[in-house]
Amino acid sequence: MNKSKTYKSIATFEYRGRVFKPNRILTFLPKNAKKFIETGQLIEVDAGRPTNILTAGIHLPREIVILGSGPNANACIADLNKSGKYIAALNGAINQPLDAAIWAAQDPTLKNQKWFDDTATRLCNTGRKFGLAEFQAGQRPMPIFDRTKVQRYYPWFKLVFNVNKPGIDKKTFSYFPKAAKDKIRVYQGATICGSFLQVAIRLGVKRVILCGIDMYGHLYFDGSEHKKKQRKGQIWTSCGALDFLIARAWDIGVEVYTISETKLKNAKYMELNDGTQAIGKA
């Protein structure tokens with residue numbers, strides 16, 4: 001029997017009176033998909049189930065770098081390259097000239113941004129697989145995406161986390177709860193940095209070094225501009241939530257430092273080659 005297979009639309013096309021836009025995950029009979037594959041409008045993708053990294057028995061190193069896309073990261077890239085540290089690059093930071101171990105993404109608008117789609121497609125075209133076995137074998141970079149906002153549009157990347165409500169709110173939210181169900185949850189509201197900080201702590205990280213988490217302005221490390229022009233000259237509204245999250249991390253013995261300038265108050269400043277001595281105020 002000719003069974004349906006799963007495909008991703010690469011370009012807009014019409015089939016039986018319906019118009020399908022790019023970045024849609026679709027099922028077709030192979031015979032019906034053939035002509036669209038030949039014209040570069042569809043590609044076949046692996047539709048296997050993704051793996052939640054919080055329930056997969058994964059352990060991260062005790063110390064990691066979380067690298068953001070802020071321009072303040074640029075002054076640190078050369079030293080980071082020399083350091084050999086384990087780096088998780090967030091969103092566009094994957095295109096910094098570094099050997100990142102992890103590529104984490106959460107923003108739901110990413111699927112519509114050409115640079116992101118190009119980067120994801122280029123990585124897919126290497127012919128690698130992107131599952132738990134490959135992660136444990138040390139293959140890099142390994143995408144770990146928000147399941148509903150990002151990974152569903154790139155199903156060949158198999159490692160995911162789920163972001164839950166409520167958001168991070170210092171008035172109502174008690175972070176790092178002891179209840180078993182909350183040990184596999186990631187709470188929203190503190191940017192992708194806050195989400196991956198929660199992931200890292202769940203997976204055994206005891207020291208986090210931030211870089212490029214500026215929490216200020218509208219520019220990225222490559223000079224491109226954020227879609228929200230109102231961020232120009234402003235501290236991000238999510239800065240307080242991330243600061244609260246960092247304070248709670250310190251409370252449970254997880255150290256959170258920064259090696260680049262930031263508007264965060266609870267990430268202690270440090271030199272990259274000295275993981276124990278802070279050189280700024282908490």
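User: Which strands does helix α5 lie across, and what is its angle to β7?

Analyst: Helix α5 (residues 191-202) lies across β7 (63-67), β8 (87-90), β9, β11 (159-161), β14 (207-211) and β15, and it runs at about 165° to β7. Contact here means heavy atoms within 4.5 Å. The angle is taken between N-to-C directions on a scale from 0 to 180 degrees, with axes fitted to C-alpha atoms, for helices over the stretch in contact. The model is predicted: local features need pLDDT of at least 70 and side-chain atom pairs count only at pLDDT 80 or more, whereas totals for chains, interfaces and linings use all residues. Residues are numbered from 1 along each chain as its sequence is written, and side-chain values use heavy atoms, leaving out hydrogens and water.

User: What makes a segment a helix or a strand, and how many of each does the chain have?

Analyst: Both are DSSP runs numbered from the N terminus: a helix is H or I over at least four residues, and a strand is E over at least two. The chain has six helices and 16 strands.

User: What is the strand order of the open sheet of nine strands, and which are its edge strands?

Analyst: The order is β6-β11-β10-β9-β8-β7-β14-β15-β16, and the pairing is parallel. The edge strands are β6 (51-52) and β16 (268-269), each of which pairs on one side only. Helix α3 (residues 114-124) also packs on this sheet, where it touches β9 (102-105) and β10 (142-146) and makes about 140° with the direction of β9.

User: How many bridges does β14 form with β7 and with β15?

Analyst: β7 and β14 pair in the parallel sense over five bridges, with Ile 209 as the bridge partner of Val 65. Four bridges join β14 to β15, likewise parallel, and Val 208 has Val 256 as its partner in β15.

User: What makes β14 mostly covered?

Analyst: Five of its five residues are buried, a term that requires under 20% relative accessible area, with exposed set at over 50% and partly exposed in between (1.4 Å probe, protein chains only). Arg 207, Ile 209 and Cys 211 are buried on one side, Val 208 and Leu 210 on the other.

User: What makes a crossover right-handed, and which elements make such a unit here?

Analyst: With the strands pointing away from the viewer, the path from the first strand over the helix to the second must run clockwise. β14, helix α6 (residues 239-251) and β15 make a right-handed β-α-β unit. Buried residues of α6 include Leu 242, Phe 244, Leu 245 and Ile 246, and its buried residues pack against α5, β14 and β15.

User: What span does α6 reach, and what is expected?

Analyst: The expected span is 1.5 Å times one less than the number of residues. With 13 residues, α6 reaches 19 Å from its first C-alpha to its last, close to the expected 18 Å. Gly 253, which follows α6, has a positive phi near 90°.

User: Why is one side of β4 and of β5 left without a neighbour in the sheet?

Analyst: The open sheet of three strands has the order β4-β1-β5, with antiparallel pairing. β4 (25-28) and β5 (42-44) stand at the edges with a single partner strand each, so one side of each has no neighbour in the sheet. Neighbouring strands are turned by 40° against each other on average, direction ignored. Helix α1 (residues 30-38) packs on this sheet, touching β1, β4 and β5 at about 25° to the direction of β1.

User: Why does Ser 9 count as buried or exposed, and why does Lys 265?

Analyst: Ser 9, in strand β1, has 0% relative accessibility and therefore counts as buried. Its side chain reaches the backbone oxygen of Lys 21 at 2.6 Å; a polar contact is a pair of N or O atoms within 3.5 Å, where within protein one must be able to donate a hydrogen and the other to accept it, and residues adjacent in sequence count only if both atoms are side-chain atoms. Lys 265, in the loop between β15 and β16, has 62% relative accessibility and therefore counts as exposed.

Definitions and conventions:
Two strands pair if DSSP finds at least two bridges between them.
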